[in-house]
Amino acid sequence: MFAAAIFDMDGLLIDSERPIMAAWIAAARALDVELSHAQYLQVVGLATAESEVILSGLLGGPAAFRQALAQVREALALERADGTPLFPIKPGAADLLAALRQRGTRCAVASSSTRRQIQACLGSLDVLHHFSAFAGGDEVERAKPDPALYRLAAERLGVDPAHCIAFEDSENGAKAALAAGLRVVIVPDLKHPPEAVLGQAFHVLDSLHGAMDHLPLWFPERGAEQPNAEASPK
């Protein structure tokens, strides 16, 4: 059994990959560049710097990239005009987090997004209180697939990585968690990890709904909810 669960955010807890991809395709079209889904998928799961290099090449250079980025940022406000979150929570995520809290399982987020973005997105979805720790991409020198993010999240939870399960959707995220010594449950999103990575997973699920049946085998019943130690943005 395991003592803690550590979650990726984009594409795993929140459905952000699709609106982000749509925003980049629209921004490219405004520059008279046709950016296909297949081309955009090249950057899914990559660090920001790597994504910038690829997108700059696809869009026609750094100047075009910066122009498109400004449009994307404007399009991706945290809330829509009607007040609903731009990035909805993924199916099964809220129920899973509530069940883990009820079991007394400590939970953290290890995301390439910044710490402030993590807390803003999850706060808008009313699930921030389920987490005891956060590790953002702005807090480590190397992004996924480097294990630093997962090591930091486990350290902040006070749990040995070997006693944690990571929930991931991407190839780089899964590699990062494995390199940090965690077991990995993969829930593929837009871009499925290759078979070589899927083969190393502790489990592969179609959605987070599927994790509910495994909780009694994966996490002991501790009978107490964990406090939310880091809910306030810093």
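Q: How many bridges join S1 to strand S2, and in which sense do the two run?
A: S1 and strand S2 (residues 106-111) are joined by 4 bridges and run parallel. Strands here are DSSP runs of type E with at least two residues, helices are runs of H or I with at least four, and both are numbered from the N terminus. Two strands count as paired if DSSP finds at least two bridges between them.

Q: Before we continue, what kind of model is this?
A: This is a predicted model, in which local features need pLDDT of at least 70 and side-chain atom pairs count only at pLDDT 80 or more, while totals for chains, interfaces and linings use all residues. Residues are numbered from 1 along each chain as its sequence is written, and side-chain values use heavy atoms, with hydrogens and water left out.

Q: Understood. Which residue in S2 is the bridge partner of Ile-6?
A: The partner of Ile-6 in S2 is Ala-108.

Q: What about S1 and strand S4: how many bridges, and in which sense?
A: S1 pairs with strand S4 (residues 164-168) over 4 bridges, in the parallel sense. Within that pairing, Ala-5 has Ile-165 of S4 as its bridge partner.

Q: What is the strand order of the open sheet?
A: The open sheet has 6 strands in the order S3-S2-S1-S4-S5-S6, with parallel pairing. S3 and strand S6 (203-204) each have a single partner strand, so they stand at the edges and one side of each is left without a neighbour in the sheet.

Q: And which helix packs on the sheet, touching S1, S2 and S4?
A: That is helix H5 (residues 93-103), whose direction makes about 155° with that of S1. Contact means heavy atoms within 4.5 Å. Axes are lines fitted to C-alpha atoms, for helices over the stretch in contact, and the angles run from 0 to 180 degrees between N-to-C directions.

Q: How many bridges pair S2 with S3, and what lies across them?
A: S2 and S3 pair over 4 bridges in the parallel sense, with Gly-136 of S3 as the bridge partner of Ser-111. H6 lies across S2 and S3 and runs at about 130° to S3.

Q: Changing topic: how many aromatic pairs are there?
A: The count is 7 aromatic pairs. Rings of Phe, Tyr and Trp (its six-membered ring) pair if their centres lie within 6.5 Å; planes under 30 degrees apart count as stacked, over 60 as edge-to-face, and the rest as tilted.

Q: Why is the pair of Phe-7 and Phe-167 called stacked?
A: Their ring centres are 4.7 Å apart and their planes are at 10°, so the pair is stacked. Phe-7 lies in strand S1 and Phe-167 in strand S4, so the pair ties together parts 160 residues apart in sequence. Phe-7 is buried at 0% relative accessibility, and Phe-167 is likewise buried at 0%.

Q: What is the geometry of Trp-24 and Phe-65?
A: The centres of these two rings are 5.5 Å apart and the planes are at 20°, so this pair is stacked. Trp-24 lies in helix H1 and Phe-65 in helix H4 (residues 62-75), so the pair ties together parts 41 residues apart in sequence. Both Trp-24 and Phe-65 are buried.

Q: Which residues form one aromatic cluster?
A: Phe-2, Phe-7, Phe-131, Phe-134, Phe-167, Phe-202 and Trp-218 form one.

Q: Now Leu-12. Where is it, and is it buried or exposed?
A: Leu-12 is in the loop between strand S1 (4-7) and helix H1 (17-30), and is buried at 2% relative accessible area. Leaving aside residues up to four places away in sequence, Leu-12 touches Phe-7, Lys-90, Phe-167, Glu-168, Asp-169, Val-187 and Leu-208.

Q: Lastly, the backbone: which peptide bond is cis?
A: The bond from Lys-144 to Pro-145 is cis, with omega near 20°. Pro-145 sits in the loop between strand S3 (133-136) and helix H7 (148-157).

Q: What is phi of Asp-32 and of Asp-126?
A: Asp-32 has phi near 65°, a positive value in a residue other than glycine, and Asp-126 has phi near 60°. Asp-32 lies in the loop between H1 and helix H2 (37-40) and is exposed at 73% relative accessible area. Asp-126 lies in the loop between helix H6 (115-124) and S3 and is exposed at 59%.

Definitions and conventions:
Buried means under 20% relative accessible area, exposed over 50%, partly exposed in between (1.4 Å probe, protein chains only).
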